[in-house]
Amino acid sequence: MNKGDNAWQLTAATLVGLQSVPGLVILYGSIVKKKWAVNSAFMALYAFASVLVCWVGWGYQMSFGDKMIPFLGRPDVSLDQKFLLHQAFLGYLPNATMVYFQFVFAAITLILVAGALLGRMNFHAWMLFVPLWLTFSYTITAYSIWCPEGWLAKRGIIDYSGGYVIHLSSGVAGFTAAYWVGPRTNKDRERFPPNNIILMLAGAGLLWMGWSGFNGGDPYTVSTDASLAVLNTHVCTATSLLTWLLLDILFFGKPSVIGATQGMITGLVCITPAAGVVQGWAAILMGIMSGSIPWYTMMVLHKKLWLLKQVDDTMAVFHTHAVAGSLGGILTGFFAHPKLNRIFYLVPDWQHYIGLAYGLQMGRASAGFKQMGIQLLGILFVVSLNVFVTSIICLLIRIVVPLRLSDEELQTGDDAIHGEEAYALWGDGEKYESRHNSVYGVEEFPQDVPKGGQVEMA
């Protein structure tokens with residue numbers, strides 16, 4: 001065991017935990033319409049608590065425990081002191097630290113899924129969704145990609161800190177669940193002004209700064225690679241925010257604060273699979289692309305593609321996490337530096353983990369193309385798994401309880417659901433005039449969606 005490594009790992013885990021509680025609790029509670037503030041914040045807080053109980057009960061062992069099948073570990077509890085004090089599967093840390101560290105990643109994944117469902121999902125359905133999705137989706141992805149015995153890990157996929165396991169998974173699962181739950185009311189889809197942009201920025205700031213632990217903790221040691229990962233994270237994020245901001249000014253004429261926040265998030269997501277295995281100049285290029293490509297899919301393609309217009313993704317999780325996560329995974333396959341991969345993965349030779357750019361430079365083009373193929377295979381696996389599993393879970397839950405709130409609850413919001421309201425103030429944003437009244441900017445939603453029914457997909 002190493003006291004320094006253990007101290008940093010516990011600190012990094014707590015920083016990631018602060019991204020969720022209070023970070024995303026504040027962000028969700030303030031970026032939505034006032035009548036949804038309590039419900040949105042509490043969906044995040046509930047998920048954090050629920051995931052922890054499931055994680056120590058069976059989730060950790062299914063994600064990182066003894067192999068049961070090539071993509072899943074054997075379910076078991078993680079509460080016995082003999083196990084918790086024993087050295088973890090990686091690093092000079094006790095299992096107790098590793099269980100805690102991996103828990104906060106699992107928790108934020110579910111909270112990100114919630115972002116697509118704000119403003120209409122039945123809270124009782126959400127209470128069922130969280131443990132089910134953790135058990136049957138997250139554990140499979142985590143074991144396949146992060147556990148040394150996982151099938152994609154053995155193939156050599158590069159996912160430094162969760163571009164696939166967390167962001168691509170949550171983006172696809174959130175979008176899929178949003179389809180099955182159905183949309184918000186037409187009134188809410190047309191006007192959804194944030195109730196407190198200043199608090200939204202406070203939540204966004206916690207999210208950004210917490211990413212030092214998110215990416216800096218994944219070497220499982222206090223190392224030069226951890227330092228590089230932290231710096232690359234912030235460089236990419238700042239570049240992405242500025243790129244998104246410039247595009248907003250060029251095309252909409254005003255610097256949108258909500259837009260800048262989305263650019264910040266896409267930068268954080270894009271660098272996550274690459275943080276400690278790319279050079280600083282690559283982080284800059286990734287920031288430029290993460291601030292422009294998801295901007296294009298959100299602001300342009302979203303208004304043109306039929307499927308994107310039909311599914312009501314409240315926080316644009318598909319664009320900020322699925323698109324940005326896939327982009328990060330592909331760019332990792334291109335920019336990953338062999339030397340940095342050797343430091344991170346502790347491999348003794350140059351046979352694995354070679355980005356395509358360096359494969360071409362070193363005369364190892366076949367190895368570079370192989371790495372890119374593995375990255376694309378990972379995207380295909382995560383997307384397919386989450387569309388299928390999330391759909392099955394939603395279909396099963398709606399047999400027990402409705403996925404969507406009743407029309408009366410949708411009209412009232414927090415008071416009807418929780419008997420509580422966020423502010424003892426008048427109004428619900430009716431007089432708030434803003435060009436950017438949602439995360440998408442100016443929306444063009446179809447009006448032919450049944451008010452209380454499911455969205456129909458051809």
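Modeller: Ground rules: it's a predicted model, where local features need pLDDT of at least 70, side-chain atom pairs count only at pLDDT 80 or more, and totals for chains, interfaces and linings use all residues. Residues are numbered from 1 along each chain as its sequence is written, and side-chain values use heavy atoms, with hydrogens and water left out.

Biologist: Why does Tyr-92 count as exposed?

Modeller: Exposed means over 50% relative accessible area, buried under 20%, and partly exposed in between (1.4 Å probe, protein chains only). Tyr-92 has 52% relative accessibility, so it counts as exposed.

Biologist: And what does Tyr-92 touch, not counting residues up to four places away in sequence?

Modeller: Met-1, Asn-2, Asp-5 and Gln-87, where contact means heavy atoms within 4.5 Å.

Biologist: What makes H7 largely enclosed by the rest of the structure?

Modeller: 19 of the 19 residues of H7 are buried, so that's the call.

Biologist: Why does the radius of gyration of the protein chain agree with a compact globule?

Modeller: The radius is taken over C-alpha atoms, and the globule rule is 2.2 Å times the number of residues to the power 0.38. With 458 residues the rule lands near 23 Å and the chain has 21 Å, so the two agree. Also, 60% of those 458 residues count as buried.

Notes: Helices (H or I, at least four residues) and strands (E, at least two) are DSSP runs, numbered from the N terminus.
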